[in-house]
Amino acid sequence: MKKVLVVEDEANIRLSIEICLEQAGYAVITAEDGISAVEQAIESKPDLILLDLILPKMNGYLVCEALKGETATRDIPVVAISARAQEGDIKKAREAGVVDYIVKPFAPEELRRTVRKYIITEEGKE
Amino acid sequence: MFKTLRQKLLSGYVILILLTILSSSWAILNFVRLSDALAKVLVENYRSVLAAENMVGAIERQDSGVLFYLLGQQDLGERLTDDYQNEFMIWFGREEENITVFGEAEIVAAIKENYNEYLAALNTLRNIYLSQGEEPAKAYYLETVYPLFATVRDECKQLLEINHQTIVERDSAAKSVAQNAIWSTVVVSVISIGLGIVWGMYSSNSIVGPVLKLTEKVKSIAQGKLGEKIAINTNDEIGVLAVEFNKMAQSVKESQSENIAKLISERRKSEAIVEEIADGIIVVDRENRITMVNKAAEQIFGIANRNVINKHFLEVIKEESIFLALKNELLTDQADARDLNDEIMTISKMVNGAKKHYTIEIARTEDEDGKIEGAVIVLGDVTHFKEIDEMKSDFVSTVSHEFRTPLTSIEMGIGLLLESGIAGAGTKEKELMQVVDEEVKRLKQLVTELLDLSRIESGKIQMEFKLVDIVRLVEAAIRPFEVQAKEKNIKLEMKDRKAGTIKVHADPDKIMLVLTNLVANALRYTPDDGSVKFNVEKAGNKVYVSVQDTGKGIPVKYQESIFEKFTQVPSDIARGGGAGLGLAIAKEIVKAHGGRIWVESEEGEGSKFTFTLAAV
C-alpha cells in the first residue's frame, strides 16, 4: 500500500484529507508542522508528500527545501496545497521543488486525481 | 534776483543787446564827429581857400588891366579891370558868407575896406590919366594904386594862409578824433565783450549749474541712493523741479522700504512653509547641484542643509532612480505631456528606524525667458497610503485565506459524504447535501472573485498584453458552456462574419475571465429554448465584442449599477449563482485594457453586453 504524508496544521482539513485518501486505498501519516514533517518523512519514507505551504514554526517552502536537501527524502514527490493561488506563490513553490500545486478548497475527486498522478507504483505511473 | 529761467535768459539777451547798442552808439557818435570834422574841412575851409585864391587871381588880373591901361591899351585895360572886379566881388561875396575861422572876419573886413579904397584909387587913376596924362597916372599908380593892390593881395593871401592853417589843424584834429574813435571803440568793444562773457558765464551757470546738480542727484537716486536730497535754492523752474524731485525720491524710498518689508515678510512665510512642510523638498540648479533642502528632506536622507549646498545631487542623494528622472526632466526641450500610463515613481527608505514610502515628483523651474534654471524635487509622504494599501491586501489575503481554510473541510466533507452516502440518508437528505455542496462552490467562487477584484483594483494584477485572435478566444470561452447550453436547449451562435482573423492587444487570460462571466450570465438569465448570440466586429481602431441573450432584460435604472460590486438585478427569476462580483471584475479588466463595457437592454427583450478592445 502506498504511503502519503500529509503535512497540514489545521486538524479539520487533516481529518478530511485522511478519510479521503484512506477511502482511496492509501496509508496516511500526518504531521502538524514543518519540523515533524521532515522527521516523519525521513523515518517513514512516504511515496508522496502533501505539503501545506503555510505552517507554523517552519514554513512550507523551507520544509520543501529541507526535504530536497536530504538524500533520504530528495526523490519523494511533493504536492503543495495552499489557500494562496498567486502566480508568485506558485512560482516560488515550483522553485522550492514541488511537482504540483492544489488550491484550497478542493473537492475529494480533485485531491485523489492529483495524488494518483504522482504516486509511482511498481508498474509505473497509474 | 530773477524769478524764472525765462527772465534769466531774457535778461542776458537784453544786456547783450544793450552792450551792442552802446558800442554801436559810441562808434556812430565817433563816425559823426569824424564826418563833422571832415565836413568842416571840406566845406568851410576849402571854400575859403578857393575864394581867397580866386580873389588873388582876380585882383592880380585887375592889376594887369591897370598896367595895360597905363601902357596905352585903355580898352583892354578897362575891360580887364571891370571883368575881374566882378570876379573879385563874386569870390569875395562867397568868402564873406564863409567866415569860419577865428580872425577871418577881421581880415575880410580889412580886405573889404582896402579893396574899396583900391577901387576908389582906380577911379582916381583913371581920372588922373584922362586929365593929366600918362606920367602923373603912372606916378599915382606907383604911389597909391600898387600899394593898395599889394595890400589887398596880401590880405587875400593871409586869408588863404589862415584857412590853410586851419585845414592843417583840422586835419590833425580829425586824425586825433579818428585815433580816439578807434581806441575808444576798441575799449568799449572790449568792455562789452568782457561784460558779455561775464554775464554769459554767470547766467549760464545760474541756469546750467542747478541742472547739472539735479542730473547728478538723479543719477545717484537712480543707483538706489534714495536718501540724498537735492539742494537747489533758486526759485525758478529748476528750483521747483528740484523740490518736486525730492518729494518723489522720498515717496519712492518710503514705498520701497514698505515693499521690501512686505517682500521679506512674504519670503519668510514661504521659507517657513517650505521648511515645515511634511513633504521633502530638494531644489537643484541647472548643473544638478543642490541649492536647498528642507527639514523633511534632511530627515529622509539623513543630511543637513548647510553641508550639502552646492554639492552635486548624486553625491548627497544616492538614489540613481531619482537622478535619472531628474536628468530627464532637465533635458527635455518641451513640456511633455506626461503619458497617462506612466506610473508615479516611488521610493522607500528607512527613516528613524521606520520604513517610509515617498512619491517622487520633479518639476523644472524656468526664468522669464523660458530658460531652464533648475528643478524642484518633491517627496510626498505616502507611507500612510502604502500602509493602508498593504493592510488592505493583507486583509484580503488573510480573509480569503481564512475563508478558504474552513471551506476546504466543508467541501471535502460534503464531497465524501455524497460519494459514500450516509446510512439511512434518503433523497431529501441527499438533496440537502447537494445544496450544501453547491453553496460551498458558490462561496469558493465568491472568495476567489473578491480576491481578484481587490487585486485588480489596487493595480496588483499585471496585465500581460499579447497579440490575441479575439474570435478564437471567444470560441474558446463558449466551448465549456456547450453542455450546459444543450441541457437548457439554448442556441449558442457566433454571428456570421467575413473570413479572416481579428487581432487585438489584450491579456488573453483576463479577457477569458470577462467572456466566461458574460457567457455564464447569459446562460443563467436566458430561459430554456432561448439563444445567445456572439459577435465580434472591428470599427476603426477598436474591436467590439458582444454577447446577446434572449432573457428577461435589464431595467434601465440598473444598467449602470450592475457593473458595481455586489449589485444584481433583484428578480425572482434570477437563477442562483454568482455573487454580483463578476461584472465588476469584468469592468476592471476591460478598463485596464483601455476599453469600455456596457449593456443595451429592454425589459422583456433580452440584453446585449458589449465591450471594446484595442485593435491591432
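**Interface, polar side.** I began with polar contacts between chain B and chain A, and the rule gives four residue pairs, both residues at pLDDT 80 or more. The model is a predicted one. Next I asked how many salt bridges cross the interface of chain B and chain A. The rule finds one. I looked up the partners: Glu419(B) pairs with Arg112(A). Their closest N and O atoms are 2.5 Å apart, and the cut-off is 4 Å.

**Interface, who contributes.** Which helices of chain B supply at least two residues each to the side that touches chain A? I found helix H10 (383-420) and helix H11 (427-457). H10(B) gives the largest share, 13 residues. I then sorted the chain B side by residue class: three nonpolar, seven polar and five charged.

**Interface, extent.** I noted 15 residues from chain B and 21 residues from chain A in the contact. The area buried between the two chains is about 1600 Å². Carbon and sulfur atoms give 61% of that area.

**Chain A sheet.** I moved on to the strands of chain A. Five of them form an open sheet in the order E2-E1-E3-E4-E5, and the pairing is parallel. Which strands stand at the edges? Strand E2 (27-31) and strand E5 (100-103) of chain A do, each pairing on one side only. From one strand to the next the twist averages 20°. I followed one pair in detail: strand E1 (residues 3-7) of chain A runs parallel to E2(A), joined to E2(A) by five bridges.

**Salt bridges overall.** I counted over all chains and the rule came to 30 salt bridges. One I looked up is Arg14(A) with Glu32(A), at 3.6 Å from N to O. Arg14(A) sits in helix H1 (residues 11-23) of chain A, and Glu32(A) in the loop between E2 and helix H2 (34-44) of chain A, so the pair ties together parts 18 residues apart in sequence.

**Chain B sheet.** Here I found an open sheet of five strands too, in the order E2-E1-E5-E4-E3, with antiparallel pairing. E2 and strand E3 (345-351) of chain B are at the edges with a single partner strand each, so one side of each has no neighbour in the sheet. The twist averages 25° from one strand to the next.

I traced E1(B) to both of the strands listed beside it in that order. Strand E1 (residues 280-285) of chain B meets strand E2 (residues 290-293) of chain B over three antiparallel bridges. Val284(B) has Ile290(B) as its bridge partner in E2(B). The two strands form a hairpin with four residues between them. In the turn, Asn288(B) has a positive phi of about 65°. With strand E5 (residues 372-381) of chain B, E1(B) pairs antiparallel over six bridges. The bridge partner of Val283(B) in E5(B) is Val376(B).

Helix H9 (residues 320-331) of chain B does, touching E1, E3, strand E4 (354-366) and E5 of chain B. Its direction makes about 15° with that of E4(B).

Technical notes: Residues are numbered from 1 along each chain as its sequence is written. Chains are lettered from A and ligands numbered from 1 in the order in which they are written. This is a predicted model: local features need pLDDT of at least 70, side-chain atom pairs count only at pLDDT 80 or more; totals for chains, interfaces and linings use all residues. Side-chain values use heavy atoms; hydrogens and water are left out. Two strands pair if DSSP finds at least two bridges between them. Axes are lines fitted to C-alpha atoms, for helices over the stretch in contact, and angles run from 0 to 180 degrees between N-to-C directions. Contact means heavy atoms within 4.5 Å. Buried area is the accessible area (1.4 Å probe) that two parts lose on being put together, summed over both. A salt bridge is a side-chain nitrogen of Lys or Arg within 4 Å of a carboxyl oxygen of Asp or Glu. A polar contact is a pair of N or O atoms within 3.5 Å; within protein, one must be able to donate a hydrogen and the other to accept it, and residues adjacent in sequence count only if both atoms are side-chain atoms. Ala, Val, Leu, Ile, Met, Phe, Trp, Tyr, Cys and Pro count as nonpolar, Asp, Glu, Lys and Arg as charged, and the others, Gly among them, as polar.
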